[in-house]
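Here is a friendly walk through the model you are about to open. Keep the viewer at hand while you read.

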Protein chains: 2
Amino acid sequence: MKTPEELTELFRANGRKVTAQRQCIFRVLQGDVSHPSAEAVYSSAVREMETISLKTVYQTLHDLAELGEIASLDLGTGMIRFDPNVDDPHHHLVCRHCGKVRDLVAAFPDLEIPRGADLGFEVGSAEIVFRGLCPECQQSTLQPST
Amino acid sequence: MKTPEELTELFRANGRKVTAQRQCIFRVLQGDVSHPSAEAVYSSAVREMETISLKTVYQTLHDLAELGEIASLDLGTGMIRFDPNVDDPHHHLVCRHCGKVRDLVAAFPDLEIPRGADLGFEVGSAEIVFRGLCPECQQSTLQPST
DNA sequence: GGCGTATCTACAATCAGTGTTGATAAACAA
DNA sequence: TTGTTTATCAACACTGATTGTAGATACGCC
């Protein structure tokens, strides 16, 4: 993701206005590796601007996604997650217990679909979701007496 | 997925009761390759039993998923999709235009995560989602004049 | 500083899915 | 077959994430 300053320029270059709310959201997303939901971005943003509304957060996140500066992901955790890392291709680790999401930066070159198996689909992208338990949830789900 | 008769036995063996509604749902799912949502299963079921309720469909689908007879998938189409094919391992093709889902039966052996890249996650499964356009939507999204 | 328009907040509405409750019917035994 | 127990049913209210609406506000530009 670009810096808040670069995003400010980009928004203006696209005829979008830059408000204090939006810059607040730009800052909150900087270096956030947690793949936050809109609610999570909102609660971070509220700490800086008590008056910001959830709707504004949703709208700005959609704007950023539309401009390709963040990715919006549905990883089956019940909420759309937002990923500021759009610069290097990667896949995702998802904790099936707490919903934590992390990037897995690794190339899997052999995702070619065998001839004839694509059922006529024109495939544009492939995402891999690795499901399991994050380190913290491995602790809390240990069997009590074994 | 098992046949309606086998599912009837399985439900009884698990202390569940077998009702006309449930058998109707068993039948509807047989050989359904469309990965229907609960609503889609409901609208098929209603054609056989006008009085069946959506809640019953949800409940039965959850029961089937709990018994491992169908899989419930969140593929980012906005609804949980149900997949009666749990017998051979496969991945999914998802149309980004109409949300159509199809099985892609192919093994991708090289999904080993490089040492140290798993961030401490204990990974249990990997799903691959191939996104693109289904044959029908390739037609309807053709550029008008090129 | 002032104007035009995008954006803001607040609030209502949507949509998929879940919780509740009294009525119904499956399972099983007599 | 009938009775008893208990899971399941349908109807309806409700949740939680997200989106739509509308009047007030403030950005960008002169």
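## Helix packing in chain A

The axes of helix H3 (residues 38–48) of chain A and H4(A) come within 9 Å and cross at roughly 120°. Axes here are lines fitted to C-alpha atoms, for helices over the stretch in contact, with angles running from 0 to 180 degrees between N-to-C directions. Helices (H or I, at least four residues) and strands (E, at least two) are DSSP runs, numbered from the N terminus. H3(A) passes H4(A) in a right-handed crossing; a crossing is left-handed if the near helix is turned anticlockwise from the far one by less than a right angle, and right-handed if clockwise. On the H3(A) side the contact is made by A:Ala38, A:Val41, A:Tyr42 and A:Ala45, and on the H4(A) side by A:Leu54, A:Val57, A:Tyr58 and A:Leu61. Two residues are in contact if their C-beta atoms, placed from the backbone, lie within 7 Å. By class, this contact has eight nonpolar, no polar and no charged residues. In that scheme Ala, Val, Leu, Ile, Met, Phe, Trp, Tyr, Cys and Pro count as nonpolar, Asp, Glu, Lys and Arg as charged, and the others, Gly among them, as polar.

A word on the basis of all this: it is a predicted model, where local features need pLDDT of at least 70 and side-chain atom pairs count only at pLDDT 80 or more, while totals for chains, interfaces and linings use all residues. Residues are numbered from 1 along each chain as its sequence is written, and chains are lettered from A and ligands numbered from 1 in the order in which they are written.

In helix H2 (residues 20–29) of chain A, the buried residues are A:Arg22, A:Cys24, A:Ile25, A:Phe26, A:Val28 and A:Leu29. Buried means that 20 or more other C-beta atoms, placed from the backbone, lie within 10 Å of a residue's own; exposed means 12 or fewer, and partly exposed is in between. The buried residues of H2(A) pack against helix H1 (4–13), H3 and H4 of chain A. Just after H2(A), A:Gly31 takes a positive phi of about 70°.

Chain A as a whole has five helices and five strands, in the order α-α-α-α-β-β-β-β-β-α along the sequence. Its C-alpha trace spans about 50 × 50 × 20 Å along the principal axes. Of its 146 residues, 26% count as buried.

## A helix pair in chain B

H2(B) and helix H3 (residues 38–48) of chain B have axes that come within 9 Å and cross at roughly 115°, and this crossing is right-handed. B:Cys24, B:Ile25, B:Val28 and B:Leu29 of H2(B) meet B:Val41, B:Ser44, B:Ala45 and B:Glu48 of H3(B). That contact has six nonpolar, one polar and one charged residues.

## Where the chains meet

The contact between the chains takes 32 residues from chain B and 31 residues from chain A. S5(B) gives the most to the side of chain B that touches chain A, with twelve residues. The residues on that side divide into 19 nonpolar, six polar and seven charged. Strand S5 (residues 122–133) of chain A and S5(B) pair in the antiparallel sense over eleven bridges, where pairing needs at least two DSSP bridges between two strands. In this pairing, A:Leu133 stands opposite B:Glu122.

## Around the DNA

| DNA strand | Residues around it | Closest residues |
|---|---|---|
| C | 24 residues | A:Arg16, A:Ser53, A:Thr56, B:Val18, B:Ile80 |
| D | 25 residues | A:Val18, A:Ile80, B:Arg16, B:Ser53, B:Thr56 |

H4(A) gives the most to the surface near DNA strand C, with four residues, and H4(B) gives the most to the surface near DNA strand D, also with four residues.

## Two backbone angles to check

Most residues other than glycine have a negative phi. A:His35 has a positive phi of about 55° although it is not a glycine, and its place is in the loop between H2 and H3 of chain A. A:His35 counts as buried because it has 24 C-beta neighbours inside 10 Å. For B:Leu119, phi is near 55°; this residue is in the loop between S4 and S5 of chain B. B:Leu119 has 14 C-beta neighbours inside 10 Å, so it counts as partly exposed.

Conventions. Near = placed C-beta within 6 Å.
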